[in-house]
Every structure is written in structure tokens, then in C-alpha cells.
Amino acid sequence: IKRRGRDRTLFVGGSSVFRSCDYTLKGAATMDDEKDEMTAQIKRRVKNNSLYQQQISAWRPLVTPTCISWIFVVVAILFLTLGAVILDQSAKTLELTKRYDDKCGNDAECTITLKVEEDMKGPIFFYYKLVNFYQNHRSYVMDYDIQQLQGDVDDTSSCSVEETKTKDGKSTYPCGLIANSFFNDVFTVYQNGRLLEGNEWDGSDISWESDRNTKFKGPDGGVAVLEEVNRNGTNGNRLPLPDDQNFQVWFRVAGLPRFNKLYRKIGMDLKKGDELTITIQNNFDVRKFNGEKHVFLSQVSWLGGSNFFLGSCYIIVGSLCAIYAILMLSWRAHHARPLGKMEYYEWTGLGRVVNANG
């Protein structure tokens with residue numbers, strides 16, 4: 001019995017030891033959890049500085065009629081000055097333009113002549129201009145495959161129009177409506193009978209640098225893989241390669257139906273009286289949509305090309321601000337009233353102040 005009791009006592013004692021150890025472990029785990037929770041709370045706590053506590057010093061102007069009037073005066077002076085500068089620069093920017101689609105038969109070669117009326121300092125930008133061509137339609141803008149334009153010639157998954165994706169069992173390269181409608185007229189310019197070429201007729205820097213270096217790349221595997229794809233459009237036109245800068249310029253779609261696209265840079269001065277003879281291979285048909293085609297030569301100032309519309313907008317807005325400022329200041333001068341005078345208000349007893357004059 002004693003042995004059993006001793007055993008029982010030992011067993012019970014051992015059990016109590018285990019229980020105490022268990023409680024000790026649980027207590028330690030609980031303390032660790034509490035420490036972790038406190039650490040997490042400290043980390044989540046917003047920092048006690050003026051930025052996080054939104055106590056940074058701020059200027060809170062008192063907006064009065066006089067203050068608003070002078071703001072309109074400043075805006076009027078600024079806008080009128082900018083408008084005048086833009087209109088002046090636009091007036092000094094020399095331009096030459098001529099329509100040619102009405103003089104050239106389709107798929108034929110024709111010649112037009114431009115007479116330089118004033119000295120034009122180079123570089124001179126040579127554009128083609130399209131009228132009534134809508135590049136801003138959503139279906140048109142989104143119809144291309146960026147992976148294909150970066151080298152994967154067989155990837156046409158992002159092009160939506162089936163006719164521009166495959167032909168005769170081959171992938172069309174490049175696919176999409178933008179590539180299929182590529183402007184493919186060819187221009188050659190002679191100055192007083194002398195052909196412009198090299199740096200005088202430069203097409204090496206007409207697209208965006210990001211397009212040339214990042215967005216558009218030649219086919220993976222080189223020109224050999226071009227034999228395995230379709231290079232013709234739906235109208236039988238030859239499709240451009242993505243690394244062609246003329247295509248990169250065309251790919252930058254215009255927001256309006258009347259737009260200019262840069263074709264070449266003339267890297268020389270043109271003198272008054274010079275005669276430019278432009279030979280055009282007329283490939284791009286505009287008769288289907290009643291469009292027009294023009295050649296357009298322009299200088300570029302430090303503000304860019306000629307932009308009478310922008311200058312006019314600045315002048316109009318500046319004039320409206322000036323008129324509004326004059327009216328407000330005149331009214332203020334003849335109908336002045338002390339700011340914040342309480343005699344113009346009355347206490348209603350409902351916790352609010354209302355205008356005494358209703």
C-alpha cells in the first residue's frame with residue numbers, strides 16, 4: 001500500500017511538475033505574443049511629426065472680391081503676353097504648302113513646283129498633310145500587336161480584323177489596320193534642278209527616339225524570316241517594316257481628321273527665288289473617303305511650328321479675364337462694403353447667423 005501510495009504520490013507529483021512546466025511554457029508563449037502584438041502596434045502607429053499629424057504650416061488666404069479681381073488681372077496679363085508672343089512667332093514662321101492629289105492620277109508619278117518667297121533658314125521640315133482621314137477611331141487605334149512590332153513576327157493575337165492578320169496561311173507582318181493603311185506615297189525633291197540627298201534630305205531622325213530604340217524592333221532572326229510571312233496588305237500594298245521610321249511616324253495616330261506627318265528634314269537654307277520641284281509617286285488613294293493630300297514645308301521656332309489657334313486661345317481667355325477684373329473692381333469701387341461687419345447679420349437663436357437683409 002505504501003509502495004502504491006508512494007508510487008501514486010510520485011505520479012501525482014510528477015504530474016504536477018508537468019503541469020507547472022506546461023503553464024510556464026504557455027505563459028512564455030503568451031508573453032511573446034503580447035510582445036509581437038505591441039511591436040506590430042508600434043510599427044502601425046502614425047509617426048509623431050508635423051507631416052503625418054497634418055500640422056504643417058499652411059497659408060490660408062482670405063478670399064475677398066478685391067483679391068479675386070487682382071488674381072484675374074495677373075492671369076489676364078500673363079495670358080495676353082503669352083498669346084502675343086505665340087502669335088508673333090507664328091507670324092515669323094515661314095511655310096509653303098500645295099495640294100497634289102487633284103493633279104496626280106492614282107498609281108502614277110507626277111510633279112509639282114513650289115516657289116520660295118522668303119529666305120528660309122534650315123532645318124526645314126517636309127510634311128505630308130492628309131484631310132478627312134480619321135486615325136482616332138478606337139478600332140483603328142487599338143488594332144496592332146506590340147509583341148509583333150518588337151520582333152515576334154508570328155504573333156498576331158492582338159490584331160482584331162481577320163483580313164489583316166493572315167493571308168494564304170501566313171501571318172501578316174505587321175498586322176492591324178494601322179499598318180494596313182500605311183501612307184506609302186514617295187517624294188523626291190529637287191532644288192533648282194539639283195537632287196536633294198544625304199543630310200539635305202534626312203530621314204534618320206524623324207520619329208521619336210523612344211520609338212526607334214525601344215518600341216519598334218526588327219524581326220527576330222533577321223530578314224530571313226520575312227520569307228515565311230505575308231508582307232502585302234489587303235489592297236495589294238507592300239507593308240512597311242516596324243523599324244522603318246516612316247511607319248513609326250504614321251503609327252503615332254492623329255487626334256483630328258486634318259493632320260501633318262513629318263516625312264523628311266531639309267538640312268540646308270532655302271533662298272528667296274529658289275524653285276523646288278517635287279516628284280511624287282502617288283500610291284495612297286484618298287478618293288474612297290473624299291480626302292485631300294498636300295505637301296507642307298515649315299520652319300520651326302523655339303516654340304515649335306506655327307500655331308495661330310493656340311495664340312488666339314490665350315488672347316481670348318486673357319481678354320475675358322481682363323474684362324471680368326475691370327467689372328469686379330469697378331463694382332467694388334462704387335459699392336464698397338466693410339468686410340465682416342456684423343451689423344449686416346442677425347442672430348436667429350438657432351445656432352446660426354443669417355444675412356439681416358434676407
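Colleague: Which residues touch the most other members of the largest nonpolar core?

Modeller: This is a predicted model. In it, F126, F187, W250 and I278 touch the most other members, out of 40 residues in that core.

Colleague: What makes such a set a nonpolar core?

Modeller: Members must be buried residues of nonpolar type, joined through side-chain atoms within 4.5 Å. Buried means under 20% relative accessible area. F126, F187, W250 and I278 belong to the core, so they meet those cut-offs.

Colleague: Which elements give two or more residues to this core?

Modeller: Among them are β2 (108-115), β6 (186-191), β9 (275-282) and the helices α5 (177-180) and α7 (245-251). The largest share, 4 residues, comes from β3.

Colleague: What does W250 touch, leaving out residues up to four places away in sequence?

Modeller: The list includes Y128, L130, F133, I178, F182 and F259. Q135, S181 and K261 are on it too. Contact means heavy atoms within 4.5 Å, so these residues count.

Colleague: How do you know that β3 and β8 pair?

Modeller: Pairing needs at least two bridges. β3 and β8 have 8 bridges, so they pair. They run antiparallel. K129 stands opposite N260 in β8.

Colleague: Why are β1 and β8 called edge strands?

Modeller: The open sheet has 4 strands in the order β1-β10-β3-β8, with antiparallel pairing. β1 (95-99) and β8 each pair on one side only. Neighbouring strands are turned by 20° against each other on average, direction ignored.

How values were computed. Residues are numbered from 1 along each chain as its sequence is written. This is a predicted model: local features need pLDDT of at least 70, side-chain atom pairs count only at pLDDT 80 or more; totals for chains, interfaces and linings use all residues. Side-chain values use heavy atoms; hydrogens and water are left out. Buried means under 20% relative accessible area, exposed over 50%, partly exposed in between (1.4 Å probe, protein chains only). Axes are lines fitted to C-alpha atoms, for helices over the stretch in contact, and angles run from 0 to 180 degrees between N-to-C directions.
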